[in-house]
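I opened this notebook to record what I looked up in one model.

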Amino acid sequence: MKYLGLLVGFLLASFAMANDSSTKIWAKGPAAKFYDSTPLGNGRIGAMVFGGVKEDHIVLNESTVWSGSPQDADRADAYKVLPEIRRLLLANQPKKAQELLQANFVCKGPGSSRGKDGQFGCYQILGNLRVQYDHENPKVYARTLDLTTAMSSVSYESNGTIYYRDAFVSAPDQAFVYRVLCRGAKKVNAYISLDRPENATTQIKGEQIVLEGQLPSGVNGVKGLRFEGRVKVVTKGGIQEPKGNGIEVKGADEVLILVSAGTSMFDKVFAATISKQLNEASNRSFDQLKSRHIKDYKTFFDRVELNLPEGKTSTKPTVERLGEMAANGTPDPTLCSLYFNFGRYLLISSSRPESPLPANLQGLWAEEISTPWNADFHLNINVQMNYWPAEVCNLSDCAKPLLNFVPKLMANGSKTAKAYYNARGWVAHTITNPWHFTSPGEGAGWGSTVTCGAWLTEHQWDHYAFTQDKTYLKTAYPALKEASLFFLDMLVAEPKHGWLVTAPSNSPENTYIHPTDGGLNTCMGPTMDQQIVRELFENTIKAGEILGLDPAHRSALKAALAKLAPSQIGPDGRLQEWLEPYAEAEPKHRHVSHLYGLYPANQITLSGTPALAAAARKSLDVRGDDGTGWSLAWKMNFWARLQDGNRALKIFHRLLRPTGVEGYNYSNGGGTYSNLFDAHPPFQIDGNFGATAAVAEMLLQSKPGEVTLLPALPDEWASKGSVKGLKARGNVTVDIAWKDGKVTSYKVRGANAKTTVVKFGMGRQLAKD
């Protein structure tokens, strides 16, 4: 027994040393909380594996498990108060305007405020899979997520026996797959069960555990979404038999647990679909399921490869690497590449081409019935940030759930445009859900941002810019055109310069100090709105020219473009956030919306608009290098665009600071949980995706016909590295290698490679032999 223990210790120590520090997340113990556990997903079904020894708790998700139901939340006569709201804004009486807005210009009913019980709805947990064992006193425990295979593994010794568990969520087989085996015959004993806190029942049907339920619709007397999860247990050796509402296994050599799930949202025969998927999966061996899963997953993950210098802590468990960087400033470049790879993994796992919905505020993963912010689709940056890495990280097809979602907003959005603005076209405000809610939110201070739908069209255009897919552009064009029609009708001339501005609107969630009215949100022409409208008009014009459509509409847009309020530099040298140089109630506010023109747009550049770039830099200096998780990620992208790699990396290190904060923190609580989930806090996945995009932005920037290599390479990564497979606008793929801060080789591939101009970041010119 002594020698067995030594052997196990040697094997697990060797395993840890062999871990690729840029593609393996590992821990020495089970997860204590959701934010410690291991996320798995196939774009629809999600799992969080805790890896407990006596009980392995797996949180199960399915992306369409939503309470709520479709609703008409528009105030039919809201447009009748619009002239008075605008008159008050034009007369410099924004307080009265905001009061009128709150009374008459928000959504009908409670909006999103009722959470899981409201008609707006809430994304929720599917259920808890529990696997109980007779194990105790584990030795040399290791829990790992392998990003190259999208598989979780757990290994440990208990009472002289070595146990192994593997888990993954298969896209080809549409099932969660979990296997446990051991060294030694007939030693796997387990009890498998499935439960949910409310609105569900569990029973044994045949040889399967079946969880069935129905969620509230938010309307009295109306039934909501139905859902189901099924578990099938397959054993080698031993026996299995029903016990209570679960299945007990005794004396097995190996146990395979399969879970499939679905809802009535898009599949009215979902129960039959689930049963078919589970039966088909159970007819395959674990090795067959694993092989099919890995082959499919690698077609996405292997498109990009990033190599950065090894750090001194790279062989340690992930949470220790986070801690040493935070406490001692220990350089660990491969921890940065691990986070980058994890972001790509999360996008692949939460947003596949066939996914029924876009990735939400938590991607795919939630343990609650009442999820923070309903885990909805926030449109004033969050869902957009989820997809920032999609194009540049060569995962354009993973953006399809968002790209498919945008046109579905247009029908409700056109009703909202008419009801509130008496305008043509379509509009969406701050929040939406699977039923395409487009009304303003229930709070005037945050819910009436008017350019959220237009921001979504930026992703449509960018998808074309990266892929050059004219067939796709043709399908996207109606959303662009109709959004631009809305703003042609909605814009008004402000009195000082005659500029065309949005009214009413706000700069997302931020408060300005009016000289006489005090702290307010409602305003005319916030800088972000003007930048988004400018981008929308330009993209619609270009799309129309490419497709040969609507010359008269293009002319109208060009005329309006010339009158749009510009980005302005305030008296203090900063880029103004509002039409007037108001002070902010929170100078360190998490939103930095007025720098939209710097990133994700390309209106502010070092070479093209140096004065605006300098003003943006000063704005960032005043905003500071702290913030919520997603805010830090956005700042990384800003500094990358300003070609300051060291400043971007400084903020990255701040983002990687470990946190155990679980409650809401809107200021400086951002960081990273032990499983590398982003902490707003609480968990909000956009920070993971935003930082992933920022790493790519530090290494490659592009505009049509031009790429810049290593525009913001930080000194800490400069000694030696390479990246392969990043995408650039113009449908080209780029590989870069560097040493001592200079490019040593590069390759631009694709149909437009020969006409693509290659530039280098400052001081990064191609090294001479």
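The entries below go through these topics in turn.

**Basis.** I worked from a predicted model, in which local features need pLDDT of at least 70, side-chain atom pairs count only at pLDDT 80 or more, and totals for chains, interfaces and linings use all residues. Residues are numbered from 1 along each chain as its sequence is written, and side-chain values use heavy atoms, with hydrogens and water left out.

**Sheet.** I took helices (H or I, at least four residues) and strands (E, at least two) as DSSP runs numbered from the N terminus; two strands pair if DSSP finds at least two bridges between them. I found an open sheet of seven strands, ordered S2-S3-S4-S5-S10-S15-S14 and paired antiparallel. Strand S2 (38-41) and strand S14 (239-243) each have a single partner strand, so one side of each lacks a neighbour in the sheet. S2 and strand S3 (residues 45-49) run antiparallel and are joined by four bridges; Gly41 has Gly46 in S3 as its bridge partner.

**Pockets.** I used a 1 Å grid over the protein atoms alone: a pocket is an open set of points where a 1.4 Å probe fits, with protein on both sides within 12 Å along at least five of seven lines, and lining residues have an atom within 4 Å of a point. Volume is the space filled by probe spheres set on the points, which are joined across faces, edges and corners.

The largest pocket holds about 620 Å³ of space. Its lining counts 26 residues, with Leu606, Ser607, Gln643, Gln701 and Thr708 nearest the centre. Strands S27 (700-703), S28 (706-709) and S32 (757-760) each supply at least two lining residues.

The second largest pocket holds about 420 Å³. I noted 20 lining residues, of which Trp461, Asn539, Lys542, Asn602 and Pro704 lie nearest its centre. Helix H13 (452-467), helix H15 (527-547) and S27 each give two or more residues to this lining.

**Salt bridges.** I counted 45 salt bridges, each a side-chain nitrogen of Lys or Arg within 4 Å of a carboxyl oxygen of Asp or Glu. Arg165 and Asp56 form one, with the closest N and O atoms 3.1 Å apart. Arg165 lies in strand S8 (residues 161-170) and Asp56 in strand S4 (residues 55-62), 109 residues apart. Both Arg165 and Asp56 are buried, that is, under 20% relative accessible area (1.4 Å probe, protein chains only).

Arg729 and Asp462 meet in another salt bridge at 3.3 Å, N to O. Asp462 belongs to helix H13, whereas Arg729 sits in the loop between strand S29 (720-728) and strand S30 (732-739), 267 residues apart. I also recorded a network of salt bridges linking Asp572, Arg574, Glu577, Glu584 and Arg623.

Conventions
Buried < 20%, exposed > 50% of the residue type's maximum accessible area, 1.4 Å probe, protein only.
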